[in-house]
Amino acid sequence: MPPEHDPAEQEKARSAIAAAVRRLNSVIARQSEVDQAAKTQRRISSENHLAPNIASALGANRD
């Protein structure tokens, strides 16, 4: 019987594919977390950069 018709080989292949899909989904989820963290970091950095200008405009830095 050719390997592609062997039920045991088919099950091994299905199992390997399922494991690969789980790993890929994990990588995608992690990349999404990394992207979100980078987006948040850019926002915080931008806010920190603007904070002195905002404070100055509001008169908080008057001597």
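Helix 1 is built from 51 residues and spans 74 Å between its first and last C-alpha atoms, close to the 75 Å expected at 1.5 Å a residue. The model described here is a predicted one. Helix 1 covers residues 7–57.

The helix has a kink of about 35 degrees at L50. This kink comes shortly before the proline P52.

## The two ends of helix 1

At the start of helix 1, D6 contributes a side-chain oxygen that comes to within 3.2 Å of the backbone nitrogen of A8. After the helix comes G59, which has a positive phi, near 85 degrees.

## Salt bridges along the helix

The structure contains four salt bridges. Among them is the pair E9 and K12, whose closest N and O atoms lie 3.4 Å apart. Because E9 and K12 are three residues apart in helix 1, about one helical turn separates them. E9 is partly exposed, with a relative accessible area of 32%, while K12 counts as exposed at 53% relative accessibility.

Another salt bridge joins the side chains of E33 and R30, at 3.1 Å from N to O. Both residues belong to helix 1 and stand three residues apart, about one turn of the helix. E33 counts as partly exposed, with 48% relative accessibility. A further salt bridge, at 2.9 Å from N to O, is formed by the side chains of R43 and E47. Since R43 and E47 are four residues apart in helix 1, they too are separated by about one helical turn. R43 is partly exposed at 44% relative accessibility, and E47 is partly exposed at 42%.

The spacing of these pairs can be read against a general rule. An α-helix has 3.6 residues a turn, so residues three or four places apart point the same way.

## A nonpolar surface patch

L50, I54 and L58 together make a nonpolar surface patch of about 320 Å². L50, one of the patch residues, is also the site of the kink in helix 1.

I54 is placed in helix 1. I54 is partly exposed, with a relative accessible area of 49%. Patches are made of residues with over 30% relative accessible area and no salt bridge, and the 49% of I54 is therefore above that accessibility cut-off.

How values were computed. Residues numbered from 1 in each chain as written. Predicted model: local features only at pLDDT ≥ 70, side-chain atom pairs only at ≥ 80, totals over all residues. Heavy atoms only, no water. Patch = residues over 30% accessible without salt bridge, like charges linked within 9 Å, V, L, I, M, F, W, Y side chains within 5 Å. Areas by Shrake-Rupley, 256 points an atom, 1.4 Å probe, with all protein chains shown as cover. Buried < 20%, exposed > 50% of the residue type's maximum accessible area, 1.4 Å probe, protein only. Expected span 1.5 Å × (residues − 1). Bend = angle between axes of the 7 residues up to and from the residue. Polar contact = N/O pair within 3.5 Å; in protein donor to acceptor, adjacent residues only side chain to side chain.
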